[in-house]
Amino acid sequence: MLGLNPELEVSMSRSSIFVLSILSCAPLLAQEAALKGMPLKVRCLMGLETVKRNAQGMLTLQEEAMEFTAGQAKARVPVKSIDDIFSGAEMTQSGGTVGVITKVALPYGGGRALSLLLRSKIDILTLTYRDDNGGFHGVILTLPKGQGAQVRAQLVAGGAHAHVEEAPQPQQEKKQ
Amino acid sequence: MIRRSWLVAWAVLLVSPGYAEEQSAPAKLSASAIQIEQVDAGDVLIPMEFRVAIYESLLDRVRQTSKFKQVFRSGDRQADGVQDLLTLKTKIEGFQEGSQTKREVTTVTGATKVDVSATVVARDGRVLLDQHLTGRVRFFGENLGATHDLAKRIAKLLNEKL
């Protein structure tokens, strides 16, 4: 095919298949990490008292608590105190502050075109819980797409209270 | 003589609006603590993250004003013993979810809007404040930015009126 030795070609194709199979398994491995309670990279939009807004950090699901760590700041929510969990998805703009500045700086409407390219879908996990005094708290976390439902399921399995989420209704076929 | 009477008349005219304002301005109430209740969605369909964001942003904003010595969360039992406690209730009256991408591409469409009524009630049930407010995000920013805008407006209102 490439004018190489046939044995070399066979070994190259084997190695490329091996590399491709590993690459294709990477998202599955990431989901597996989320399921086993491995640290998961999330953004805490608000709600954790000791953590600043919009803090990027690691979420760890332990047996009795959900722990969020962002640098020195650490917050812990006992799983049993969670009243309800809501998972949703939203389309947002990625790129952060650099992305926003670039969009503003680009001439001839380039920023608008960039807005279309920088779209990304994220999962939003909203938790409500009560502290020791009975005070109501709400936490909003954003996670990579597809991981919100898994974290929710794991929290429920750990003893968190949550309403039953309605399954999306299948679209009705158009009558002819 | 005529000049003097003109001067007196002008002086009375200049002073009178300020005097009228002083007379009509309601006396500000002083309370040491406020309890912020959960956001009531009523019949309006609004995602939970928006309700939670309004509630948490309100707590932050009201604390930032330093108007009250204590700001309690909804359900906090520590608030039970406070005599001059005020309660802030927020009810959603309208919600329009926009799109961040639409806003950034078109600049005229895709705005997110939250309409609420904010009510402040004293411990004896007197309604001290009842006002309709709107939080918006029009150009740059995530949809949840509308909740920050709303919280900022409510906190400003509390600071001015109470």
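Among contacts in chain B between residues at least 6 apart in sequence, 65% join residues at least 24 apart, a contact being two residues whose C-beta atoms, placed from the backbone, lie within 7 Å. The model is predicted: local features need pLDDT of at least 70, side-chain atom pairs count only at pLDDT 80 or more, and totals for chains, interfaces and linings use all residues. Residues are numbered from 1 along each chain as its sequence is written, and chains are lettered from A in the order in which they are written.

**Fold of chain B**
- Chain B holds four helices and five strands, these being DSSP runs (helices H or I, at least four residues; strands E, at least two) numbered from the N terminus.
- Along the sequence the pattern is α-β-α-β-β-α-β-β-α.
- Of its 162 residues, 30% count as buried, that is, with 20 or more other C-beta atoms within 10 Å of their own C-beta, placed from the backbone.

**Sheet and packing helices**
- The five strands of chain B form an open sheet of order β2-β1-β3-β4-β5 with mixed pairing, where two strands pair if DSSP finds at least two bridges between them.
- The edge strands, β2 (70–73) and β5 of chain B, each pair on one side only.
- Strand β3 (residues 85–96) of chain B runs antiparallel to β4(B) over nine bridges, and B:Ile92 stands opposite B:Val116 in β4(B).
- Helix α2(B) packs on the sheet, touching β1 (33–36), β2, β3 and β4 of chain B, and its direction makes about 170 degrees with that of β1(B); axes are lines fitted to C-alpha atoms, for helices over the stretch in contact, and angles run from 0 to 180 degrees between N-to-C directions.
- Helix α4(B) also packs on the sheet, touching β4 and β5 of chain B, at about 150 degrees to the direction of β5(B).
- The buried residues of α4(B) include B:Leu150, B:Ile154 and B:Leu158, and their cover includes α2, β4 (112–121) and β5 (127–137) of chain B.

**Nonpolar core**
- The largest nonpolar core has 58 residues, of which A:Leu141 and B:Val62 touch the most other members; such a core is a set of buried Ala, Val, Leu, Ile, Met, Phe, Trp, Tyr and Cys residues joined through C-beta atoms within 7 Å.
- Helix α2(B) gives the most to this core, with nine residues.

**Contact between the chains**
- The contact takes 22 residues from chain B and 25 residues from chain A.
- On the chain B side, α2 (48–65) and α3 (100–106) each supply at least two residues, and the largest share, six residues, comes from α2(B).

Terms used. Buried ≥ 20, exposed ≤ 12 C-beta atoms within 10 Å, placed from the backbone.
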